[in-house]
Amino acid sequence: MALFSIICAILTVFFLNYAASQSQYRRLEYKYSFKGPYIVLKDNTVPFWDVGGHAIASDDQVRLAPSLKARKGYMWTKALTSFEWWDVEMSIRVSGNGRIGADGLAFWYATDRMQEGDAFGSRTSWNGLGLFFDSFDNDGKMNNPYVYVILNDGRKVFDHEADGVNQQLGGCLRDFRNKPFPIKVKIEYYHNVLTVLMTNGLTADETPELCLRAENVFLPRSAYYGLSAATGGLADDHDVLSFITTSLHDQSQERSVQISQMERQKLEAQFRDYNEKLKAQQEEYLKQHPEKAAQHQQQQMQQQGNTGTQFENPQDRAFRQIFDGQQFIHLAVQQLNKRIDEIIGRQERTLSAVSALSSGQGQGQVVAANAQYNQPPAAAGAGGSVIQRYEVDQILRTQTELQNALRDIRAFSADIQTKITNLQHVQSQQPASYQQAGQGPSLTEVRDAVNNVRQDTAAILARPQPVASCPQPNCINTLWFGAFIAVQTVIFVAVNLFKGSGESKNKKFY
Ligand SMILES: [Ca+2]
Ligand SMILES: [Ca+2]
């Protein structure tokens with residue numbers, strides 16, 4: 001039994017997931033829609049719609065009933081719907097000068113059309129759905145403006161005097177009159193669930209809020225869409241700015257969509273073939289008419305320039321905005337990356353300085369510590385990015401050893417200072433002790449000897465020197481000196497002559 005429950009739970013989860021995985025396919029039904037800015041044609045008709053009564057269609061809206069007394073206007077689609085599930089998004093505006101308005105506006109999904117009546121400008125019995133924006137409080141219950149849905153199979157008559165209070169499927173109390181922005185209404189009918197959502201008209205981009213939701217709603221499979229409005233003793237302008245119908249399809253109905261995709265692919269292939277043939281013909285024409293080539297190229301450049309500068313569709317604009325945003329983010333990230341690099345560089349320089357300081361103060365200890373920890377030496381200043389634990393331990397050990405060494409040096413300095421102080425004290429008490437120690441007398445003797453030498457030298461220098469006297473001028477006079485020179489000259493000439501005669505004789509002999 002328990003196993004059966006588990007299997008049931010698994011199957012339930014499976015089917016729920018399967019149902020959730022089925023996506024809804026939507027298709028715009030243009031034959032049941034209208035929207036500005038070109039709603040009417042030149043003949044004042046709205047394509048695919050019939051407009052009647054006091055309704056006035058313009059380019060950007062359809063005024064179903066103007067703000068005049070006792071006006072009724074309506075518009076209906078020309079064709080019956082061909083889809084089972086649908087949603088309609090319409091934008092309406094009900095505005096008037098009075099604090100209270102009348103009568104109201106209606107949305108119809110009915111099998112018959114174009115019948116004027118007292119139910120907001122349309123007939124009071126219908127087969128299908130009526131969604132009413134009831135401005136005037138007919139029954140005096142102080143509950144208008146009110147939005148409500150009445151389903152009818154054609155046998156009920158709308159109770160206008162009671163605001164259909166006993167006929168409503170559901171509704172919500174919403175003041176839809178005189179709002180700064182048009183009221184957006186969404187009516188969805190999907191798998192027999194009817195949902196009505198609407199905005200408050202206070203902002204432009206407002207999310208519609210739920211007004212009513214009803215299950216097990218069975219509407220005709222094919223019907224007309226209609227709009228109508230009416231005024232009474234009081235009057236409002238009842239405008240519809242847009243009416244967009246979308247048919248809703250299940251995943252199982254996608255086969256027709258796939259067929260249409262195949263058709264689209266076929267058409268795209270035909271388009272590509274046509275383009276290629278056109279290009280080939282253009283090239284052939286330009287070959288035959290080379291004088292047109294420059295003109296053709298210029299025209300193409302102008303077309304490319306025009307398309308690139310003058311036109312920008314919304315998709316291109318969105319892409320450009322996204323691209324600009326991404327470029328801005330990219331620049332911001334680049335700047336952040338640069339700042340982070342600077343911070344990391346500063347950190348690395350600080351770490352290198354710390355490592356260099358530690359290794360410079362205790363390199364021996366670091367090497368010993370490295371040998372002990374079996375680690376590579378700390379690369380001081382070599383770009384070590386992260387200081388390791390063993391490096392921190394080395395720094396701590398080095399600092400401890402430095403402290404011990406400083407303590408020893410301080411003790412040694414204190415010892416020396418003490419000894420110097422003692423020596424000075426002893427010297428002051430025994431000033432003559434140096435002469436008795438042996439070193440002082442020798443210096444005194446040397447000094448005395450030097451003084452004796454200096455005195456002897458001074459005495460020698462002060463002793464009178466013997467003067468070299470010049471011979472008297474009467475020992476030889478000028479006459480005798482001249483005679484002596486003359487005799488010496490004669491002797492020198494005679495010797496030379498004798499020597500010259502001997503050599504000539506020897507030359508003759510040889
Ligand atoms: Ca009413
Ligand atoms: Ca009422």
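Student: What should I know about the conventions?
Tutor: This is a predicted model, in which local features need pLDDT of at least 70, side-chain atom pairs count only at pLDDT 80 or more, and totals for chains, interfaces and linings use all residues. Residues are numbered from 1 along each chain as its sequence is written, while chains are lettered from A and ligands numbered from 1 in the order in which they are written.

Student: How do you know how far to trust the chain?
Tutor: By pLDDT, the predictor's confidence in each residue, from 0 to 100. The chain's mean is 78, and 73% of its residues reach 70 or more. Residues 431-443 fall below 50, and this stretch has four contacts in the model beyond near neighbours in sequence. Residues 506-510 are also below 50, with zero such contacts. Where pLDDT is low, the predicted coordinates should not be read in detail.

Student: What makes a residue buried, and why is D163 called that?
Tutor: Count the other C-beta atoms within 10 Å, placed from the backbone: 20 or more is buried, 12 or fewer is exposed, and in between is partly exposed. D163 has 24, so D163 is buried. Over the chain, 21% of the 510 residues count as buried.

Student: Why is A70 called partly exposed?
Tutor: A70 has 13 C-beta neighbours inside 10 Å, so A70 counts as partly exposed. A293 also has 13 and therefore counts as partly exposed. A293 lies in helix α3, residues 293-309.

Student: What makes a set of residues a nonpolar core?
Tutor: The members must be buried Ala, Val, Leu, Ile, Met, Phe, Trp, Tyr or Cys, joined through C-beta atoms within 7 Å. The largest such core here has 56 residues. Those with the most contacts inside it are L64, M75, L105, A106, W108 and L131.

Student: Which residues is L64 in contact with?
Tutor: A contact means C-beta atoms, placed from the backbone, within 7 Å. Leaving aside neighbours within four places in sequence, the partners of L64 include A55, M75, L105, L227 and V240. In the chain, among contacts between residues at least 6 apart in sequence, 64% join residues at least 24 apart.

Student: What does β14 pair with?
Tutor: Six bridges join β13 to β14 (residues 193-198), again antiparallel. E188 stands opposite T195, and K186 opposite L197. β14 also pairs with β15 (residues 209-214) over five bridges, in the antiparallel sense. There M198 stands opposite E209. β14 has a covered face of L194, V196 and M198, and an uncovered one of V193, T195 and L197.

Student: Why are β3 and β12 said to stand at the edges of their sheet?
Tutor: The open sheet of seven strands has the order β3-β6-β16-β8-β10-β11-β12, with antiparallel pairing. β3 (49-53) and β12 (170-172) each have a single partner strand, so one side of each is left without a neighbour in the sheet. β3 pairs with β6 (residues 72-77) over five bridges, with G53 opposite G73.

Student: Which residues other than glycine have a positive phi?
Tutor: A70 is one of them, with phi near 55 degrees, in the loop between β5 (62-65) and β6. D163 also has phi near 55 degrees, in the loop between β11 (146-153) and β12. H191 takes a positive phi near 55 degrees in the hairpin of β13 and β14, which has two residues between the strands.

Student: Where are cis peptide bonds found?
Tutor: The bond from G36 to P37 is cis, with omega near 10 degrees. P37 is in the loop between β2 (34-35) and β3. The bond from A102 to D103 is cis too, with omega near 0 degrees. D103 lies in the loop between β7 and β8 (104-110).

How values were computed. Two strands pair if DSSP finds at least two bridges between them. Helices (H or I, at least four residues) and strands (E, at least two) are DSSP runs, numbered from the N terminus. Two residues are in contact if their C-beta atoms, placed from the backbone, lie within 7 Å.
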